[in-house]
Amino acid sequence: MLRDYQQRAIDDLHDYLEKYDGNPCLVLPTGSGKSHIVAEICRHSVQTWPETRILMLTHVKELIEQNAGKMLDAWPRAPLGIYSAGLKQRNFDSITFAGIQSVRDRADEIGHIDLIIVDECHLINHGAEGGYRKLIDQLTKVNPYLRVIGLTATPYRLGHGEIHKGDAIFDDLLDEIAPIPALVEKGYLAPLKSKLTDTHFNLDGVKKRGGEFVESDLQRAVDDDEVTTDVVSEVIRYAQDRRHWLFFCAGVKHAYAMRDSLRSQGVSAETITGSTPADERQDIISQFKSGMIQALTNANVLTTGFDYPDIDLIALCRPTMSPGLYVQMVGRGMRPKSHADDCMVLDFAEVIQRHGPITHVVPPSKKSGNGEGEAPVKNCPECQEIVHLSVMVCPSCGAQFEARKIALGLDKSSDIMGLKDNDVKVSEWYWSPHVSRASGKSMVKVRYLMSFDKEPITEYYPILHDGYAGNKARALLFSIIKKSGSEADPHGFDLLEMCQNLNQSSPPSRISFQKDGKWYRVTKRIWDNYETRETRTASVC
């Protein structure tokens, strides 16, 4: 049986496909059960329209196995084919789950396809190149009405920006379906807990290319025997009774060095790299899951397709400028566990400081630059817990932070996940037309004003945009107009008149909000007679 947000994601998808001609991407956190959603999309499509042919694509065999297994759980007699060289299966059927490396040059064999579903779709190139784009283009020539659906937890690519902008396959993001805070609150995801470590890698002299650290420079910088020993010692000190440790390393040599240091300090450990034979890899993972191996080090292979819920400690030993890689790495620890309430993340690579808390990650811009911006976090001087800048009392040890001026007047404690809303009184609001610098399109914005010493909170409503984003903004604005008593028309085209009407109406008495990247996401608006909790908010400029 589907969870409420999984069914909502499918409902939103069907609604989009009926109303719009574009290709949508479902944005759901790691561990939210995307394979269940894929299975239901396939089952409903083929049972409703028996002639439908679906191609489900991904890049690793583990995801093919996982998705196919959930498909058969949902529909045991599904007309399912698997085409994957890694799995030694080459069968097409009404529903085919395939590896992109195995089918990228087989458009002629595949023939007519009505629907392509791509898991981890952020791997699709923005430009008309690469295996995914080549196959999709060829299959579109066979069927011009072909639709593409993407699923990802990270809808952006380093050096390209968001995956629905520019020369991209996707036209819209169906996001805010299952925010991490809501899934943690309901127990569907486990929270992360992080410490600022004493040991850090010295990245002086490490060059960047394409917005990311040059791999050869990075490996030379981090693969130091003394530092590796210090990292392992610190992990052992913090780990206490944690049972399943996962290390993300900067390269193959570094992963083996980390393994050897763990063993020398009495920890059972093994390593997986891209060259580890399939049978050996499976044996190592089985021993890790059984507890025979306590620590697993890896180099660039366990960021996707590896889902073991009981991972309770993650060591970030791989510096990265990529927010997507950061989210994928720590996402391995977000599944609910049989023996622990959370997963500890030990950040030796200053990844959290670079990208911010997991709920506040800023997508990379198209031109990512050097990425040296400061993330909104600090560390507790007593226990080294990493928390949001707004926190005044450490949620881990209770230590008081030194009093300081906080720009937004945030007066509520928050943890590394950023799970708590900030609640403020609103003195007035001001609506005005706005032109997006990114798209050049007109929209409206509202600035919520608090007391004189607090920075306003600004939201943007792209009500004139086409597609899902515009429809979502209009629906939310209609709700706000109703609560405020305004006579403004959310479907009108005179934005100045609309804003003037709203400025004469009643603002909410209080709002709750969270920092969402560079912007703010209002989660609740309270009037005297109404209260609205918004889980799907206006798009930002």
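User: Why is alanine 255 called buried?
Analyst: Buried means under 20% relative accessible area, exposed over 50% and partly exposed in between, with a 1.4 Å probe and protein chains only. Alanine 255 has a relative accessible area of 0%, so it is buried. This is a predicted model: local features need pLDDT of at least 70, side-chain atom pairs count only at pLDDT 80 or more, and totals for chains, interfaces and linings use all residues. Residues are numbered from 1 along each chain as its sequence is written, and side-chain values use heavy atoms, with hydrogens and water left out.

User: Where is alanine 255, and what does it touch?
Analyst: Alanine 255 belongs to helix H10, residues 252-264. Helices (H or I, at least four residues) and strands (E, at least two) are DSSP runs, numbered from the N terminus. Leaving out residues up to four places away in sequence, alanine 255 touches Cys249, Thr271, Thr297, Asn298 and Ala299; contact means heavy atoms within 4.5 Å. Asparagine 298 is 43 residues from alanine 255 along the chain, yet their C-alpha atoms are separated by 5.6 Å.

User: What makes aspartate 342 count as buried?
Analyst: Its relative accessibility is 17%, which lies under the limit, so aspartate 342 counts as buried. Aspartate 342 sits in the loop between helix H12 (323-331) and strand E18 (343-347). Pro191, Lys193, Arg242, Asp312 and Lys337 touch aspartate 342, not counting residues up to four places away in sequence.

User: Why is the pair of tryptophan 429 and tryptophan 527 called edge-to-face?
Analyst: Rings of Phe, Tyr and Trp (its six-membered ring) pair if their centres lie within 6.5 Å; planes under 30 degrees apart count as stacked, over 60 as edge-to-face and the rest as tilted. Here the centres are 6.3 Å apart and the planes stand at 70°, so the pair is edge-to-face. Tryptophan 429 is in strand E22 (residues 428-435), while tryptophan 527 is in the loop between strand E26 (519-526) and strand E27 (531-533), 98 residues apart. Both tryptophans are buried.

User: How do you know that the pair of tryptophan 431 and tyrosine 461 is tilted?
Analyst: The centres are 5.5 Å apart and the planes 35° apart, so the angle falls between the stacked and edge-to-face limits. Because tryptophan 431 lies in strand E22 and tyrosine 461 in strand E24 (residues 457-461), the pair ties together parts 30 residues apart in sequence. Tryptophan 431 and tyrosine 461 are both buried. Ring pairs join Trp429, Trp431, Tyr448, Tyr461 and Trp527 into a cluster.

User: What angle do the axes of helix H2 and helix H3 make, and why is the arrangement called oblique?
Analyst: The axes of H2 (residues 34-48) and H3 (residues 61-74) cross at roughly 55° and come within 8 Å. That makes H2 oblique to H3, because angles under 35 degrees count as roughly parallel, over 145 as roughly antiparallel, 65 to 115 as roughly perpendicular and the rest as oblique.

User: Which residues meet between H2 and H3?
Analyst: Ser35, His36, Ala39, Cys42 and Arg43 in H2 meet Gln66, Asn67, Lys70, Met71 and Ala74 in H3.

User: How many helices and strands does the protein have?
Analyst: The protein has 15 helices and 27 strands. Of its 541 residues, 57% count as buried.

Conventions: Axes fitted to C-alpha atoms, helices over the stretch in contact; angles between N-to-C directions.
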